[in-house]
Amino acid sequence: MMKSLWLVLLVVVGLVSMGAASNYMYEKTAENGIGYVETQKIVATQFGFEGQKLVEKVAGSGNFKVNSELEAERQLMKGGEPVGSVWIPDEYVEPVLDNETGEVLVEGYTVLGYWTEGSCNFTNSCPMDYINYTRAAEFEYMPISYQTGSYDAKWTDKLCVQNYKIGAVMTEMYTHAEHLVRNTDVRTRGYQDECAKDCCTGVLEANVNSNVIGVAHIGWLSRDPVADDVLNGKHAEYGRSIDDMTGVFSIEKFIQLWGSSNCGEISTDWLPCV
């Protein structure tokens, strides 16, 4: 039984609200100590099967040190139009008549409705939903006993990021870990539909660097975001990569999934938190 137990925990959280609902989220976290930890993050830029998603869960007992930074913004409404834009309904234009004969010179017609930019001006940019996440963590397993409670759990660290705009997902997962040092940078974004003509529809990029004693699973998947009638309503799969490891490993992996071939240079952060 441990005669002493120390725990130092520092969490800095920032949340900025814009408009009626919060569409910008920011969190910076620093944790350092000995004890039992269980944390969870769930972030989504859109509800349902749209936008960008991030889910993370960490649990275990022993020594831990975590530094992370999370930024997410919803610039698009559900359906892909910019936040703050306004729908102008259909309008009927009267026919043009000859004043003397009453002859129809120009037939009447209907102007279909359209979105205006409203209070948000995105004239010089492509509005997008995005999530940026950087995390550096160190874990050493050790059973913890505190007063009448006993906490004994090897480390579990799971991260899943989904980009429904381009049909891309990546997973980084460690379980039964006795030792884990990991650095992860993830960037995911999806652009407004009108921007797809001139630039890519979206991007998911991840840079993974870890050392682990335990079980590791890293994978990514690319599917067509539009269901295919030939496949009975399923989404065609274009690529998949899965690594499952048990033991002592050093892992370095870079994942880049683009909505087209002209998305620009690599954009993952090369200077992560420490």
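Student: Why is Asp157 called buried?
Tutor: Asp157 has a relative accessibility of 1%. Buried means under 20% relative accessible area, with exposed over 50% and partly exposed in between (1.4 Å probe, protein chains only). The value of 1% falls under that limit, so Asp157 counts as buried. This is a predicted model, in which local features need pLDDT of at least 70 and side-chain atom pairs count only at pLDDT 80 or more, while totals for chains, interfaces and linings use all residues. Residues are numbered from 1 along each chain as its sequence is written, and side-chain values use heavy atoms, leaving out hydrogens and water.

Student: What makes Arg135 and Asp157 a salt bridge?
Tutor: A salt bridge needs a side-chain nitrogen of Lys or Arg within 4 Å of a carboxyl oxygen of Asp or Glu. For Arg135 and Asp157, the N to O distance is 2.9 Å, so the pair meets the definition. Arg135 sits in strand 10 and Asp157 in strand 13, 22 residues apart. A strand here is a DSSP run of E, at least two residues, numbered from the N terminus. Arg135 is buried too, with a relative accessible area of 3%.

Student: Which other residue forms a salt bridge with Asp157?
Tutor: Arg182 does, with the closest N and O atoms 2.8 Å apart. Arg182 lies in strand 14 and Asp157 in strand 13, so this pair ties together parts that are 25 residues apart in sequence. Salt bridges that share partners join Glu27, Lys41, Glu56, Arg135, Asp157, Glu172 and Arg182 into one network. In general, side chains of opposite charge can pair when their charged atoms come close.

Student: How do you know that Glu27 and Lys41 meet in a salt bridge?
Tutor: Their N to O distance is 3.3 Å, which is within the 4 Å limit. Both Glu27 and Lys41 are buried. The structure holds eleven salt bridges.

Student: Why is strand 14 described as largely enclosed?
Tutor: Look at the count: 17 of the 24 residues of strand 14 are buried, so the rest of the structure largely encloses this strand.

Student: What makes strand 14 and strand 15 a pair?
Tutor: Two strands pair if DSSP finds at least two bridges between them. Strand 14 and strand 15 have 20 bridges, in the antiparallel sense, so they pair. One of the facing positions is Thr171, whose bridge partner in strand 15 is Gly219. Strand 14 also pairs in the antiparallel sense with strand 10, over 13 bridges, and with strand 13, over eight bridges. In the hairpin of strand 13 and strand 14, Gly167 takes a positive phi near 70°.

Student: What is the largest nonpolar core, and which residues have the most contacts inside it?
Tutor: A nonpolar core is a set of buried Ala, Val, Leu, Ile, Met, Phe, Trp, Tyr and Cys residues joined through side-chain atoms within 4.5 Å. The largest one has 32 residues, and Phe139 and Tyr174 have the most contacts inside it. Strand 14 is among the strands that each supply at least two residues of this core. A second, separate core of five residues includes Cys195, Cys200, Val203 and Cys263.

Student: How do you know that the side chain of Gln75 reaches Met128?
Tutor: The side chain of Gln75 comes to 2.8 Å from the backbone nitrogen of Met128. A polar contact is a pair of N or O atoms within 3.5 Å; within protein, one must be able to donate a hydrogen and the other to accept it, and residues adjacent in sequence count only if both atoms are side-chain atoms. Gln75 lies in the loop between strand 3 and strand 4, and at 14% relative accessibility it counts as buried.

Terms used: Helix = DSSP H or I, 4+ residues; strand = E, 2+ residues; numbered from the N terminus.
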